[in-house]
Amino acid sequence: MRERDQSVLNEILPPEERAIEAVVARYQRVAPAITRFARSLSGNDELQVRLGTQATSTPESIVLDPRVFQTAYARSAPVTPSEVALTSALHEVIHLITTDLDEERPVPKEWLAFKEEAPHEEDEGPTVPVGLFELGEMDEDELLPEVSEGDIDFGDEKPRDPDAVPLLHALNVIGGPAAEAMFLSVEDARQERVHFDAYPGAGSVLRDLYRTSVGHAMGSARPLGQFALACFLIVGGHEDRDKVQRRVEPHVALALDDAAGFLEPVMELEDPWAVGTVALQLLSVAKMHNLLQEGAASSSPQGRKAEMEADQTAISESVDAVRMVTPSLSDRDSYDQTRAAAQAVSAQEGRKGDAESAGDPATDQLMKVSGAPTIYLPTGQGGKLLVTDVPLTYAVFSAEGHELLAKASADWGVAQHRVSGELYPLFLANQRRGLQSGFDAGDLSPYTPLLLGAGLYDRMFERRDRPSRRSYAVSLLVDGSASMLQPRDTGGRKTPWAMAAALLGAWTLARLADELQIEFEVALFNRSFVAGALDTEHDYRERRSRATAGLRQAQGGNAERLTRTVNHYVLKSFASRWRAAEDLLAGLFFTAASPIEAARRARREPESSPPVSMFDKAANVDEFNLAHAAERLAARNATHRILVVLADGMTRGSVQALADTARSIEHGGTTVLGIGIGDDTVRAAYSRAEVVERPPDLAAAMIDGVRSALYRSIADSGADAWWVHAGERVLEEITS
């Protein structure tokens with residue numbers, strides 16, 4: 001029974017916290033410690049540790065597969081998520097650095113005593129030359145036909161022994177697939193025992209993770225599987241032999257007694273070939289106690305081969321049910337894939353980009369999602385939001401965009417000069433007023449004698465400042481889904497005006513804020529594969545295709561969630577200057593006003609055009625973007641805050657969650673204006689809402705809504721406020 005202060009992992013982690021992006025985010029918090037450990041273990045201070053869909057190990061880098069971590073979070077162990085993140089990462093680094101089974105040697109003579117007659121089939125030749133294991137010598141022509149040593153320049157390397165074979169190959173030939181599986185499990189346990197003994201805390205977490213699965217694994221395992229699992233636990237130091245023997249069948253317990261002499265010295269071994277000898281010895285003990293199926297059912301080659309594979313399965317399935325399966329020690333195919341991937345990464349060393357992310361756009365996308373902020377709604381719901389800048393390549397369309405902006409302003413009757421109107425003198429007075437002070441003009445304070453006499457005041461003049469200058473911040477949030485680019489009826493013909501009108505409103509709003517010296521921000525939101533700040537159309541499509549394919553292969557059904565993310569594109573931030581964003585907004589306006597022409601240019605010149613494909617048809621989840629925009633707005637040191645949200649449809653999340661979010665933002669002191677384009681469902685989510693059907697109405701609604709909120713903030717200040725007579729008439733109209 002566990003202690004009261006211990007928590008079972010799968011009880012405290014909801015499903016979303018076991019998702020791959022949450023696992024990666026948790027790993028990233030311990031990544032610096034893992035890198036330092038890996039450098040210490042390898043003796044290379046320049047070693048880099050990264051994540052990737054294919055685990056690899058080279059002298060310069062270690063690539064970890066996050067799927068290995070993910071399986072650890074499904075355990076019912078009394079450990080914390082942080083402990084699992086650190087321990088599982090240490091586990092993978094240890095195995096990837098220390099596992100090297102590539103050395104080729106002639107088969108040790110003592111192994112020949114364990115050799116089984118391999119099943120022969122007419123259509124299959126032997127896996128190694130038959131003469132390799134015969135006591136006689138092979139003909140020279142069989143080894144190296146028509147080639148002499150004088151024809152080969154070995155340089156400083158020793159000539160390769162023609163009888164040399166890889167370790168796993170030799171084990172398979174001598175003891176069959178079962179010997180290979182037994183070796184991999186024993187070597188796995190040996191590496192853990194040697195390296196985790198120096199870190200008892202992490203070792204205890206590993207034992208807790210393993211012990212929770214032992215009971216079920218033993219109960220469903222065949223006798224050979226019980227024997228192999230028991231050997232794994234004993235060698236790894238996870239359980240004592242006496243305890244393990246009480247959990248296995250009687251004849252398996254007897255086999256463990258006979259195997260004890262082989263198990264005890266394993267942790268002292270450093271040579272994997274010596275561990276291979278132990279694996280063959282353990283397999284011979286299992287055979288002596290009739291734990292193997294080999295030879296029990298059939299003497300035909302096909303039957304013998306099936307029995308040998310069944311023994312391999314019995315070993316691997318039982319041990320894999322308990323251990324964290326690392327790719328380099330899973331099976332021979334997995335080991336070969338790991339080494340092949342390492343060679344591919346080594347070939348890319350020195351190349352920035354691919355080499356930096358292990359040449360894996362899928363991992364890059366996974367890292368982006370895991371590192372994205374989690375936004376929490378008033379309902380308690382949380383979700384990832386990818387926040388990035390609008391691609392700078394949209395400035396390529398700026399010249400055409402400026403022309404269309406001027407034309408649309410005239411056609412839709414949206415003023416572009418002196419937008420602030422009657423607000424300008426009011427805000428000018430506010431800028432000049434600054435501080436309201438008391439005895440700050442050199443007047444002698446009447447309290448000076450008392451303060452001086454009491455020793456509390458050492459100045460002859462008192463200055464009392466009371467801030468009265470009001471500050472404002474405005475944020476505009478624009479729906480950036482593909483539906484905003486679709487043609488809409490304008491009273492005679494259909495044109496794609498929704499996003500164009502929104503961006504024209506943003507342009508005008510920028511002019512308004514610039515004239516009044518108000519902080520403002522403009523952002524677009526959508527749900528699709530996120531575009532990078534420097535993406536072109538070619539880069540975006542290429543990266544999206546490769547990342548989607550890689551994630552589908554590695555994550556299956558989770559790929560859709562990882563590639564169609566909720567995105568927040570910042571067009572103009574509070575901190576940036578409006579002039580720096582003008583060309584970018586103009587280029588976006590060209591894309592919105594002429595989407596067909598923009599798409600044609602992107603197809604014709606994809607390597608220089610902006611990523612117009614980023615406007616996907618996927619449904620938005622407005623509430624997360626709204627909450628994030630409000631957080632950014634609240635972070636500004638402003639006494640009055642206004643948030644304008646523009647969308648052409650309702651959220652595909654929860655209408656109630658969106659309404660609760662908007663209400664919460666209003667209670668925090670921010671005025672929220674919701675504008676719907678041909679869709680009156682915005683009224684269900686926003687207390688201040690307006691629906692527009694024509695382009696001029698949209699731009700006017702945005703600007704007039706902000707103007708009205710600014711006027712009202714002045715009117716609410718009281719009769720003794722600081723405005724000048726130029727604005728009194730307007731204020732009287734507002735308040736009446």
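Contact here means heavy atoms within 4.5 Å, and helices (H or I, at least four residues) and strands (E, at least two) are DSSP runs, numbered from the N terminus. The model is a predicted one, so to speak of local features takes a pLDDT of at least 70, side-chain atom pairs count only at pLDDT 80 or more, and totals for chains, interfaces and linings use all residues. Residues are numbered from 1 along each chain as its sequence is written, and side-chain values use heavy atoms, with hydrogens and water left out.

Helix 2 is a handy place to start. On the helix 2 side (residues 20-42), Ile20, Glu21, Val24, Ala25 and Gln28 meet Leu366, Met367, Val369, Ser370 and Gly371 of helix 14. This contact splits into 6 nonpolar, 3 polar and 1 charged residues, where Ala, Val, Leu, Ile, Met, Phe, Trp, Tyr, Cys and Pro count as nonpolar, Asp, Glu, Lys and Arg as charged, and the others, Gly among them, as polar. The axes of helix 2 and helix 14 (residues 361-371) sit 8 Å apart at about 80°; axes are lines fitted to C-alpha atoms, for helices over the stretch in contact, and angles run from 0 to 180 degrees between N-to-C directions. The two helices are therefore roughly perpendicular (65 to 115 degrees; under 35 is roughly parallel, over 145 roughly antiparallel, the rest oblique).

Three strands form an open sheet in the order 1-3-2, with mixed pairing; two strands pair if DSSP finds at least two bridges between them. Strand 1 (48-51) and strand 2 (56-57) are the edges, each pairing on one side only. Strand 1 runs parallel to strand 3 (residues 61-64), joined by 4 bridges, and Arg50 stands opposite Val63 in strand 3. Helix 2 packs on this sheet too, touching strand 1 and strand 3, with its direction at about 155° to that of strand 1.

Helix 2 also turns up at the largest pocket, giving 5 residues, the largest share of the lining. On a 1 Å grid over the protein atoms alone, a pocket is an open set of points where a 1.4 Å probe fits, with protein on both sides within 12 Å along at least five of seven lines, and lining residues have an atom within 4 Å of a point. The volume is about 730 Å³, taken as the space filled by probe spheres set on the points. Of the 28 lining residues, Glu16, Glu21, Gly382, Gly383 and Lys384 lie nearest the centre. By class, the lining has 9 nonpolar, 8 polar and 11 charged residues.
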